[in-house]
Amino acid sequence: MNRFAPVVLALGLGTALPGARAQAQGDMPSVRMVRGQVAAVDRARRLVLLKHDEIPSLGMPEMQMEYLVPEGAPFPELSAGDKVRFAVVRVDGRHVITRVSALPPARSSARRRGPQDAVRSDP
């Protein structure tokens with residue numbers, strides 16, 4: 001599996017997440033992808049601890065918080081330290097991840113060397 005491919009956690013949002021259907025129909029704030037970093041993963045409890053940017057649609061400031069991965073959804077291949085983009089909704093008082101994708105590692109700001117950079121030793 002491509003580690004950087006998005007993982008859709010709520011297959012059939014209307015059945016997996018009751019609140020998501022209302023959200024999609026405009027009764028609730030829209031779901032937006034938010035940047036964050038994985039602090040810890042608890043597969044047994046289906047929780048991901050994320051340090052994330054502000055989530056205005058849920059009135060949440062930048063913080064670190066546990067998010068639930070819904071039952072029946074595949075658990076994402078995440079590890080502490082991974083940078084991610086994710087979407088979350090509030091369902092029955094719990095914050096549930098609906099989508100998550102790992103971001104590729106940041107590229108070095110150093111320029112890559114190519115053949116044009118080879119040192120010439122002309123006699």
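**Figure 1. Asp42, Arg45 and Glu66 form a network of salt bridges in this predicted model.** A salt bridge is counted when a side-chain nitrogen of Lys or Arg lies within 4 Å of a carboxyl oxygen of Asp or Glu. Between Asp42 and Arg45 the closest N and O atoms are 3.5 Å apart. Between Glu66 and Arg45 the closest N and O atoms are 3.8 Å apart. Glu66 belongs to strand β4 (residues 63-68) and Arg45 to the loop between β2 (34-42) and β3 (47-52), so this pair ties together parts that are 21 residues apart in sequence. Asp42 is partly exposed, at 25% relative accessibility, and Glu66 is partly exposed as well, at 41%. Buried means under 20% relative accessible area, exposed means over 50%, and partly exposed lies in between (1.4 Å probe, protein chains only). Helices (H or I, at least four residues) and strands (E, at least two) are DSSP runs, numbered from the N terminus.

**Figure 2. Arg46 and Glu71 form a salt bridge.** The closest N and O atoms of this pair are 3.8 Å apart. Arg46 is in the loop between β2 and β3 and Glu71 in the loop between β4 and β5 (83-91), a link between parts of the chain 25 residues apart. Arg46 counts as buried at 15% relative accessibility, whereas Glu71 counts as exposed at 68%. The structure holds 3 salt bridges.

**Figure 3. Strand β5 pairs with β2 and with β6.** Two strands pair if DSSP finds at least two bridges between them. The β2 and β5 pairing is antiparallel and has 4 bridges; Gly36 stands opposite Val84 in β5. Strand β6 (residues 94-102) runs antiparallel to β5 and is joined to it by 8 bridges, with Arg85 opposite Ser101 in β6. β5 and β6 make a hairpin with 2 residues between them, and Asp92 in the turn has a positive phi of about 50 degrees.

**Figure 4. The largest nonpolar core has 17 residues.** Such a core is a set of buried Ala, Val, Leu, Ile, Met, Phe, Trp, Tyr and Cys residues joined through side-chain atoms within 4.5 Å. Val48, Leu50, Ile55, Tyr67, Leu78, Val84 and Phe86 touch the most other members. At least two residues of this core come from each of β2, β3, β5 and β6. Leaving aside residues up to four places away in sequence, Phe86 touches several residues, among them Leu50, Ile55, Tyr67 and Val100. A contact here means heavy atoms within 4.5 Å.

Figure 5. Where pLDDT is low, the predicted coordinates should not be read in detail. The protein has 2 helices and 6 strands, in the order β-α-α-β-β-β-β-β from the N terminus. Of its 123 residues, 32% count as buried.

**Notes to all views.** Residues are numbered from 1 along each chain as its sequence is written, and side-chain values use heavy atoms, with hydrogens and water left out. In this predicted model local features need pLDDT of at least 70 and side-chain atom pairs count only at pLDDT 80 or more, while totals for chains, interfaces and linings use all residues.
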